Amino acid sequence: PQAVGTLTLQPVMAEARTSSSSNSFFDPFKRGGTVVRARSEPQTISVLAVPASANMSPWLPAGNLELNEQWTNEPPQFIQGEPLTRTLSIKAEGLTAAQLPVMPTQLLNGVKQYPDQPLIKDVSNDSGITGYRIEKIAYIPTQAGIVTLPELEIPWWNTLTNSREVARIPSRQIKVIPSAATAAAPASPAPVISAPSTAAITSQQNIPSPMVNSPELSDSLQQRDR
């Protein structure tokens, strides 16, 4: 229903033919029975307004709603440069999969994220319809350290208790282990530069300058160039 008020469902009619006991040669399929019709009673439903205390968007009225997560490894262990897949799923009784919200995007420092196409599915039974939404995200940490996954929350309205509830996955901290290559590489020591001593400076000052204008030096340079 898209509007508040009274919703009337029209009667449904079914038609059938009773079986004939005739053995006539001209009626081999026994179509001589009587046609009967059955009609249901009309149904009137009161459509209520969204409660003012709901405070949610989108509006999710359900008999039950579950929010779960699964990891490739449990408990999850992050290794620098290696992917790890997280599966988030929503299950809602009384809602179609198209009504379920998209998982909120969580920005993580030092972690690349690659979401997959969501899986959306409806399951119908005698008690109604149940919607499923499953999303997979591949995480690749780019640096070692501690990664904090924020809390996930989806508010929904419990139609059985007529109250607001919140499906929640608590936050967690995960340690990112350095990759094998990073852990094996030794740290390069910083170069040590020492100031020259006073004696060395005095000795350099006493060294005579080259005799650039000397004829012997000029002849030697010319012979080397040849």
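## A three-stranded sheet

Three strands make up an open sheet, ordered β5-β13-β14, with mixed pairing. Strands here are DSSP runs of E with at least two residues, helices are runs of H or I with at least four, and both are numbered from the N terminus. Two strands count as paired if DSSP finds at least two bridges between them. Strands of a sheet pair through backbone hydrogen bonds, either parallel or antiparallel.

How do β5 and β13 run? They run parallel, and two bridges join β5 to strand β13 (residues 152–158). P61 has W157 of β13 as its bridge partner.

## About the model

This is a predicted model: local features need pLDDT of at least 70, side-chain atom pairs count only at pLDDT 80 or more, and totals for chains, interfaces and linings use all residues. Residues are numbered from 1 along each chain as its sequence is written, and side-chain values use heavy atoms, with hydrogens and water left out.

## The whole chain

The protein chain holds three helices and 15 strands. Of its 226 residues, 22% are buried. Buried means under 20% relative accessible area, exposed means over 50%, and partly exposed lies in between (1.4 Å probe, protein chains only).

The accessible surface comes to about 16700 Å². Carbon and sulfur atoms account for 54% of that surface. Areas come from the Shrake-Rupley method with a 1.4 Å probe; for residues, only the protein chains shown count as cover. Now take contacts, meaning heavy atoms within 4.5 Å. Among contacts with a separation of 6 or more, 67% are between residues 24 or more positions apart.

## Aromatic pairs

A pair of aromatic rings is described by the distance of the centres and the angle of the planes. Rings of Phe, Tyr and Trp (its six-membered ring) pair if their centres lie within 6.5 Å; planes under 30 degrees apart are stacked, over 60 edge-to-face, and the rest tilted. By this rule there are four aromatic pairs. One of them is the tilted pair of W59 and W157, with 6.0 Å centre to centre and 40° between the planes. This pair links distant parts of the chain, 98 residues apart: W59 sits in the loop between β4 (43–47) and β5, and W157 in strand β13. W59 is partly exposed because its relative accessibility is 31%. W157, at 6%, is buried.

Why is the pair of W71 and F78 edge-to-face? The ring centres are 5.9 Å apart and the planes stand at 65°, so the pair is edge-to-face. W71 is buried at 8% relative accessibility. F78 is buried too, at 0%. Ring pairs join W71, F78 and Y139 into a cluster.

## Two residues up close

E15 lies in strand β2 (residues 13–17). Is E15 buried or exposed? Its relative accessible area is 54%, so E15 is exposed. Leaving out residues up to four places away in sequence, E15 touches V35, V36 and R37. E15 and V36 are 21 residues apart in sequence, yet 5.9 Å apart in space, C-alpha to C-alpha. The side chains of E15 and R37 are joined by a polar contact of 3.0 Å. Such a contact is a pair of N or O atoms within 3.5 Å; within protein, one must be able to donate a hydrogen and the other to accept it, and residues adjacent in sequence count only if both atoms are side-chain atoms.

S179 is in the loop between β15 (172–177) and α1 (180–184). S179 counts as buried because its relative accessibility is 16%. Beyond its neighbours within four places in sequence, S179 contacts I79 and Q80.
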